[in-house]
Amino acid sequence: MTKTDSILEFTPTIFINMFKQASKYLDEHAEFLDKINVFPVPDGDTGTNMAYTLRMVRNKLEESSLLSLDDVQKAVIRNSLMYSRGNSGTAISQYFKGFCENITSKNGLTPKILTKCFKNANDTIYKSFQNPVKGTILDVAKAAYKGAKGKSVVEIFETALECSQEALDKTRKTNPIMKKAKVVDSGAAGLVFILTGFLSALKDTDIVITENNSSSEIGIIKETVTFRYCTECVIENPTINEKEMRKKIKKMGDSLQVMQVDNLIKLHIHTDKPEQIKRIAEEVGQIRNFKADDLIAQQKDNIAEKHHFIEGKKNYTIITDSSIDIVNSWINSPDFIVPLQVFTSQNPDEDLAKLSKKEFYEKMELDKNFTPKTSQPTTQSFLETFEKANKSSENIICFTISSGLSGTYQSALNAKKLLKNSDNIHIIDTKSISAGTTLLVEEFEKEYNKTNDIQKALAAVRKHIKKIKIFLLVDDISYLERSGRISKGVSVIGKILNINPLLTVKNGKIENTKDKILFSNIKKKIKLSYKGFKSNQDNNSKLCLLYTGKKGKQIVEKVKNKIQDNNKSLDIQVVELTTLVGTHIGPGSIGMIFK
């Protein structure tokens, strides 16, 4: 009998080591998995996402004092769900849930329990997919379950792993996309690496992994992306269950996975409506780790990276800072976003930018002592980003928030000066905020696609900087006082008269317009906002309406309806304003950006 065949000998330490070793193998082979990633979308991130998910599980296990198998089991199931990333990360979180549920302090890990683990893991991962497909990770999960036979825990693991490796090799023929690309399924390969790590920990010895494809063998695949945005989040304390959540969003995309563990629901979906998914999630609970990755952009970058072995670097990389509000239907997500920090004087080390916009603005509304501040990115942050981007791009195009509002532009310039041969780094002071940056990124990409000339595209951006118009209608002028925009005396009078000033961004700085509302109400706000648009409208085809907080959202929807009624062809998008700007104008405010 081996050391893992007895309930008394399978300890929490061994249990933890299984995930540490699996994480190690994924970290070592993540780049390979990214390169062979062609299904369901060739976006080149399967290895990155699986490795990230395992790394977060490993970190949480190492940080905690877990004294029993029950403790380890619960930590693995919860944290793999909480920190799962992408299709592949979400899938393996479900595999772990099924695998670990039978490993308890009472059961331990015996041959009988282990066979149940493999069966339950297979059943759980299969049920998590909306439309299961052959030739994928599901084939490996099933093969491991079917092959899990033997007299000891190690023997069962060895036969299961052998069967899973055979199933992995067959995916290159079973799935037509893999067959065309001449690769095995990347998610399936990742699961084989994980099972290898588990066995390595049980045997207390390293196992050599052979990668089945070299980069030169990989075919370049470009599949049609049906739904553009890989959207996912975790919902805490939901008011509905996973079945009800799945029903709410199942018609809004594909690659749908909705799973629940205790008071958490994890959802993953490919959709064209990420903001609508976010609103639905916010209606039923508190959301965490929301993201919406542009699959078209990822596919483009992945194909460019595969071409890199033959043709060299891609032509340009887009970098912005986190003051940007991305309008998903207008541009792809930037390649890199350098973060500004939002914090409070009471707790300067806590980065409030990690809060969702809903949480942030609710906190501003409810807690009068909550007085956030902002700070620019460091020169080092830009330096590290430029160095990373230089490895894969001929040119770096960096858009920063207006230099009249932040020192971010200067930090980027300082970073450029520290690099040798930095003529390929182009730093643009947008003189703008929020979706204004989005419009400039869009203009750059449109001009470059037309001319294939970096300098002409940059010239087009500089020309359009002056054309962007920004208006902000502030609900509570005390926030302007805090940020130094108005004096305390003006603020006191403004509160007494219930004044809402209409602000604009001019020459890169926030300034007052001549318009304001006395004894403010919603009707007056809608009227003034519409006036701001009409008096500056000049054959606009796009308009981004902004809001902060619940009150601002209610007003901006009415502004949208009024403008839309008189401008049927206008592309109007509604975005909740970045907290970096919202810090200085407060909740309940609205705005608009157009050119």
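The structure is a predicted model, in which local features require pLDDT of at least 70 and side-chain atom pairs count only at pLDDT 80 or more, whereas totals for chains, interfaces and linings use all residues. Residues are numbered from 1 along each chain as its sequence is written, and side-chain values use heavy atoms, with hydrogens and water left out.

The protein contains 22 helices and 16 strands, taken as DSSP runs numbered from the N terminus (helices H or I, at least four residues; strands E, at least two). Of its 595 residues, 56% count as buried (under 20% relative accessible area, with exposed over 50% and partly exposed in between; 1.4 Å probe, protein chains only). The accessible surface is about 26,600 Å², and 48% of this belongs to carbon and sulfur atoms; areas come from the Shrake-Rupley method. Among contacts (heavy atoms within 4.5 Å) between residues at least 6 apart in sequence, 73% join residues at least 24 apart.

A salt bridge is defined as a side-chain nitrogen of Lys or Arg within 4 Å of a carboxyl oxygen of Asp or Glu, and 20 are counted by this rule. One of them joins Arg 288 and Glu 359, with an N to O distance of 2.1 Å. This pair links distant parts of the chain, as Arg 288 lies in strand 4 (residues 286-294) and Glu 359 in helix 13 (residues 357-366), 71 residues apart. Arg 288 is partly exposed at 28% relative accessible area, while Glu 359 is buried at 14%.

Asp 475 and Lys 551 form another salt bridge, their closest N and O atoms being 3.2 Å apart. Asp 475 is in the loop between strand 11 (469-473) and helix 18 (478-482) and Lys 551 is in helix 21 (residues 549-566), so the bridge ties together parts 76 residues apart in sequence. Asp 475 is buried, at 18% relative accessibility, and Lys 551 is partly exposed, at 39%. Salt bridges with shared partners also join Lys 24, Glu 28 and Asp 206 into one network.

Within helix 7 (residues 153-174), Arg 172 and Asp 169 are three residues apart, about one helical turn. Their salt bridge has closest N and O atoms 3.4 Å apart. Arg 172 is partly exposed at 22% relative accessibility, as is Asp 169 at 41%.

Lys 134, Lys 142, Lys 146 and Lys 149 form a positive surface patch (residues with over 30% relative accessible area and no salt bridge, like charges joined within 9 Å). Lys and Arg count as positive, and the charge of Lys is placed at NZ. Lys 142 lies in helix 6 (residues 137-147) and is partly exposed, with a relative accessible area of 47%.

Technical notes:
Patch = residues over 30% accessible without salt bridge, like charges linked within 9 Å, V, L, I, M, F, W, Y side chains within 5 Å. Areas by Shrake-Rupley, 256 points an atom, 1.4 Å probe, with all protein chains shown as cover.
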